[in-house]
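Let's take a walk through this structure together. Have a look at the sequence and the fold, then read on.

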Amino acid sequence: FGAMTGLYGAIQPADSVSLSTRTHGAVFNLEYSPDGSVLTVACEQTEVLLFDPISSKHIKTLSEAHEDCVNNIRFLDNRLFATCSDDTTIALWDLRKLNTKVCTLHGHTSWVKNIEYDTNTRLLVTSGFDGNVIIWDTNRCTEDGCPHKKFFHTRFLMRMRLTPDCSKMLISTSSGYLLILHDLDLNKSLEVGSYPILRARRTTSSSDITSSGSSGPRAVGSPCHQNDSGPLSEKHLSRSSQREGGSPRNSLEVLTPEVPGERDRGNCITSLQLHPKGWATLLRCSSNTDDQEWTCVYEFQEGAPVRPVSPRCSLRLTHCIEEANVGRGYIKELCFSPDGRMISSPHGFGIRLLGFDTQCRELVDCLPQEASPLREIRSLYSHNDVVLTTKFSPTHCQIASGCLSGRVSLYQPKF
């Protein structure tokens, strides 16, 4: 703990990488290759930039990677990566041959915002503002694309993530709901009304656990397309698929995560990340009036409900912090460090490094009895515009951040 705190406590802005000869627009996403040898940058103006993060040298610009904004990048391995765009497509790329795409995937009907990958089954999972989560079989990929199927659909979809072991899928919505698909089976498509639904409720902080009642969803409308009164309807619970002592495959839980100061106000979950060990989820929330932002950590509460139809709440608010209210209308993507002990969060024209305590201990070693504030380890400011995204290197003590004006900054220890 002391060594890590010392390293990140000494971190400083190292280099800034930008291409003044081109106008690539805002930086929406940063992604390192798994071996840390390449840093990819998703840009507003159709481009993908590639850098050597150690030397800070520019490697390649994919000037027409898409026909619209590039939103997200995900590496499948050390050489293959996928990009998605507002042009409704996903593209596969090979670092060894960047002059052409491996293939282009068509299936979404609106902006594609998120890419996940199951390394065990080699299934690519994407989500977009059309409300669809689509599965792509990269085992049968050709120049014409990959076989695909629609896996899930919900209204107001913002972000989708898979837990590290791919046992759960989490989906955040602009209406403040968080959907969790438990005991995930990606090989089974989910039609409306075909999945068993666990009762929706608001997540609790530890001080609320003994409370006799629970708050229902806000009156903004359920994110699930159904013709009845909402997600609490028990007629959608499949008795035949319920397993003794547990929940059926792909059982859906609908939550309205508690946000400090927002109990009686609506909120939008703009960013969703998962702890690298699957212990917790990290949310960036903004109020519906867009005048307040919070970063919140929720611990997973494992274990099935006593009865499959009884109220269930899989998440508990453990830590939170209020964020700078700048760059309204833009999504700020935050992240965990590779070991999960720290959080890097966009904060105005820079980033903040946050810990669960001042010693940067593991989450499981410092779980509070009641929701506690995240501790600021260090603040780093090297941008002249609002920071939109940040990412830890998976292999080096390095952090990257990108801002609205297109600048990428690297931070590493200086002694």
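First, some housekeeping. This is a predicted model, where local features need pLDDT of at least 70, side-chain atom pairs count only at pLDDT 80 or more, and totals for chains, interfaces and linings use all residues. Residues are numbered from 1 along each chain as its sequence is written, and side-chain values use heavy atoms, with hydrogens and water left out.

Start with a sheet. Four strands line up as β2-β3-β4-β5 in an open, antiparallel sheet. Strands here are DSSP runs of E with at least two residues, numbered from the N terminus, and two strands count as paired if DSSP finds at least two bridges between them. In general, strands of a sheet pair through backbone hydrogen bonds, either parallel or antiparallel. The edges are β2 (27-32) and β5 (57-62), each of which pairs on one side only. From one strand to the next, the twist averages 20 degrees, based on axes that are lines fitted to C-alpha atoms, with angles running from 0 to 180 degrees between N-to-C directions. Zoom in on β4 (residues 48-52) and you'll find five bridges to β5, in the antiparallel sense. One place to look is Leu50, whose bridge partner in β5 is Lys60.

Now jump along to β12 (residues 132-137). How many of its six residues are buried? Six of the six are, where buried means under 20% relative accessible area with a 1.4 Å probe, protein chains only. Asn132, Ile134 and Trp136 point one way from β12, while Val133, Ile135 and Asp137 point the other way, and all are buried. On one hand, β12 runs antiparallel to β11 (residues 123-128), joined by five bridges, with Ser127 opposite Val133. The two strands make a hairpin with three residues between them, and Gly131 in that turn has a positive phi of about 85 degrees. On the other hand, β12 is joined to β13 (residues 148-153) by five bridges, again antiparallel. There, Trp136 stands opposite His148.

Pick out Val125 and you'll see it touching, among others, Ile115, Val133, Ile135, Met160, Leu162, Met169 and Leu186, not counting residues up to four places away in sequence; a contact means heavy atoms within 4.5 Å.

On to the charges. The structure holds 19 salt bridges, each being a side-chain nitrogen of Lys or Arg within 4 Å of a carboxyl oxygen of Asp or Glu. In one of them, Arg159 meets Glu333 at 2.8 Å, N to O. This pair links distant parts of the chain, 174 residues apart: Arg159 is in β14, and Glu333 is in the loop between β23 (315-323) and β24 (335-336). Is Arg159 buried or exposed? Arg159 counts as buried because its relative accessibility is 6%, and Glu333 is buried too, at 8%.

Another salt bridge joins Glu299 and Arg316, with the closest N and O atoms 3.1 Å apart. Glu299 sits in β22 (residues 293-300) and Arg316 in β23, 17 residues apart. Glu299 is buried at 16% relative accessible area, and Arg316 is buried at 8%.

Then there's Arg352 with Glu323, at 3.0 Å between the closest N and O atoms. Arg352 lies in β26 (residues 350-355) and Glu323 in β23, so the pair ties together parts that are 29 residues apart in sequence. Both Arg352 and Glu323 are buried. Salt bridges that share partners join Arg284, Glu293, Glu323, Lys332, Arg352 and Glu376 into one network.

Finally, the annotation. Residues 63-96 are 0% helix and 53% strand, with end C-alpha atoms 17 Å apart. For residues 105-137, the values are 0% helix and 64% strand, with the end C-alpha atoms 11 Å apart.

Terms used
Buried means under 20% relative accessible area, exposed over 50%, partly exposed in between (1.4 Å probe, protein chains only).
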